[in-house]
Amino acid sequence: MSRVWHVQPCWDDANKPFTLATQNLTPSRLKAMDRSPNLLDQALGLHDGESTRSARVVLIEDCVETSAAFVLHHLIKRSLSPLSSAAVIFVAFSQPFSHYDRILRKMGCNLVALRDNKRFTFLDMLTLECPGENQPAFLCSLSDEDAGKICKGGVLELYGKIQKSVEVSLLPGGSRSITILIDDIFLMEVAAKGSSSHVLDFLHYCRTLTTEFGCSLVVLNHEDIYSSVERPTLILQMEYIAEVIIKAEPLATGFARDVHGQLTVINKGNSDRLSLQNKMCSFHFRVRGNSVEYFYPGSRT
Amino acid sequence: MAASKTRSSSFSRHISVLPTPQIPGIKYGPNGTIFVSSGIPDLDRILGGGFPLGSLVMVMEDIEAPHHMLLLRNFMSQGLVHNQPLLYGSPSREPRAFLGTLPTPVLSKDDKSRDHETEQEKGLRIAWQYRKYFGEHQQNFEGQRDGKPEYCNEFDLQKPLERHYISSQNIDCISLQGSTNLSSFRDRCSTFLAQLPRYDGNITCAGRIAIQSLYTPQCEYSNMEWEMLSFLRSLKNMVRSSNVVAVITFPPSLVSPSFSKRWQHLADTLLSVRAIPDEDKELANLLTGYQDMVGLLSVHKVTQCNTQVPVFLEATTFSIKLKKRRSLVLECLNQAPIDGSSGSSYATSGSCSGSSKTGKLDF
């Protein structure tokens, strides 16, 4: 468990350290913060509006006590901002469209309109059963191997859907950046009846999309599930392929009313750029209905 | 603009403007949620209104004590009092027999006296001549008391529920014993849920599902962990698209730690109950009112429906007490004053002090 005082200074591009004083949040500053990039964007390397490509694979980890769903909401909102032309493909395992629509509407982003504009694709996988639901009786008579094949079929079908939507949302020039978000890998594992190898295969397929079409892949999973497993292949491999890992944890010191938890962002950097050192930042956050406040520990009065 | 069915504005109406629903036992909450009562007034208050319709509530059992049954009984009784359909699944062979042990609501005569007490227990010292204003306000707050059934009753654990509630048609009982296949149970759930589909803004009735001790050895579901998770996932999805709350109790120690975590992630609202040992001297010194406690209830997770804002409670652990050996009360833990120094109490919150009238210091 990392603690609040593990904070390293975060360097921005001009190689100028942030001093904590600049993060002193008076109400007027807070308002300015809304428009200026926040700590999370800076840590993700999204803060400069230039064409620096964002990370290819982002892994978000959370736990029972602290949900990191707000990071997904933030990334949806960012990619769908009116300034950019980026498209989002959202694979939902945990919540229905109405839930996300309601939240994003509060954040000033109309998913229904964007869906009509073909910038937002919502794949509802709430009822996905990897051995297809229509043949359960037939399945009972199958051996494990055959069942495994069918399970793989369900996952492949989903991949096919994603690939198709990527191709649909690509602009002719291929200039559009596409983000694929998967809101809960854990539920996908449940849908695949616990065969993590199928889930991993799926993720590797999706990863090929990132190189082929220049998409980025954002995946949410729960870290605490695997804490008692001896060799948790799934999460370890996911952490390995991720360029950025975002971890949400509760405060080590217990609950606080105005601090909802701590985010740790580990930016491994992409392989094209030579960077020998991981950039790691951690800061506190407070989730509000229409935004999230990020701040360094102790920088708020 | 967008389709005409969905509102395209980012402003949503403030909830308090909404009219109170005609159906008893239903309350509107923020973000378009609709609550039904848990059957324990204090738990409703703690959770901000009750259990939201369409959510999956899980209670982690203490395998050494049947405290989860207290929650389950009150939840079921409350539903029957409001004439809501109920599906009850249990590992016992005769699940219908359990209905005979459900508690009955406290009569309104007792209710008045309760009001009086809670008012005194608030810990506020109010001069007697202002009492009448206080009482008036409370009556307004509690709302339509006369005529209609209340949103939330207090239950008398000593008296069984009247027969006419139990013999009503819309109770479905399932024994989970001996069935090695979850699909039949899933089918029963889905036929039950099909009666109560969700239409936006138009509720005719709310239903309840209570499942006791899922995944106990009697159910013969052991080494079916993934099937069980997949059952829970599909139940959660079915419940979400209907006007039903499902409460499931399960013993977390019978599954492996990583599966227990998975179960917890599937829950929308996660509670746990714990018994407290009889002769724990250390704890007795630490907490006030230790003698009256029967157990502890912890709130781990509260449903985040249509919002990203997590619910942070004042305290997460509450003591379960029986008032007059009859009705369930939940209270914040109060740290007992240590001789000499009275400060540094973490879990106290002013509103719940004064619960012990046995001459402790009154802050």
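## A guided tour of chains A and B

Of the 301 residues of chain A, 50% count as buried. The model on display is predicted. Begin by selecting chain A and colouring by secondary structure: the chain has 10 helices and 9 strands. Among its contacts between residues at least 6 apart in sequence, 69% join residues at least 24 apart.

**Stop 1: A:L209.** Select helix 9 of chain A, residues 196-213, in which A:L209 lies. Is A:L209 buried or exposed? With a relative accessibility of 0%, A:L209 falls under the 20% cut-off and therefore counts as buried. Next, display its surroundings. Leaving out residues up to four places away in sequence, A:L209 touches A:Y159, A:I162, A:Q163, A:V166, A:I180, A:G214 and A:C215. For one of these, A:V166, the C-alpha to C-alpha distance to A:L209 is 8.5 Å, although 43 residues separate the two in sequence.

**Stop 2: the largest nonpolar core.** In soluble globular proteins, nonpolar side chains tend to be buried together. Here the largest nonpolar core has 80 residues, and A:I162, A:F202, B:L214, B:L235 and B:W263 are the members that touch the most others. Select B:L214 and show its contacts beyond four places in sequence: B:L176, B:F185, B:M228, B:F231, B:L232, B:I248, B:T249, B:F250, B:P251 and B:W263. Apart from this core lies another, of 46 residues; to find it, select B:V59, B:L80, B:I171 and B:C332, which are among its members.

**Stop 3: a helix pair in chain B.** Select helix 8 (residues 225-240) and helix 9 (residues 257-266) of chain B, whose axes are 10 Å apart and meet at an angle of about 5 degrees. Because this angle is under 35 degrees, helix 8 of chain B is roughly parallel to helix 9 of chain B. Show side chains at the contact: helix 8 of chain B contributes B:E225, B:W226, B:M228, B:L229, B:L232, B:R233 and B:K236, while helix 9 of chain B contributes B:F259, B:R262, B:W263, B:H265 and B:L266. Coloured by class, this contact shows 7 nonpolar, 1 polar and 4 charged residues.

**Stop 4: an open sheet in chain B.** Finally, select the open sheet of 3 strands in chain B, ordered 1-2-3 with antiparallel pairing. Which strands form the edges? They are strand 1 (27-28) and strand 3 (51-52) of chain B, each of which pairs on one side only. Strand 1 of chain B is joined by 2 bridges to strand 2 (residues 34-36) of chain B, and the two run antiparallel. To locate one bridge, select B:Y28 together with its partner in strand 2 of chain B, B:I34.

Technical notes. Residues numbered from 1 in each chain as written. Chains lettered and ligands numbered in written order. Predicted model: local features only at pLDDT ≥ 70, side-chain atom pairs only at ≥ 80, totals over all residues. Heavy atoms only, no water. Core = buried A, V, L, I, M, F, W, Y, C linked by side-chain atoms within 4.5 Å. Buried < 20%, exposed > 50% of the residue type's maximum accessible area, 1.4 Å probe, protein only. Contact = heavy atoms within 4.5 Å. Axes fitted to C-alpha atoms, helices over the stretch in contact; angles between N-to-C directions. Helix = DSSP H or I, 4+ residues; strand = E, 2+ residues; numbered from the N terminus. Parallel < 35°, antiparallel > 145°, perpendicular 65-115°, else oblique. Nonpolar A, V, L, I, M, F, W, Y, C, P; charged D, E, K, R; others polar. Pairing = 2+ DSSP bridges.
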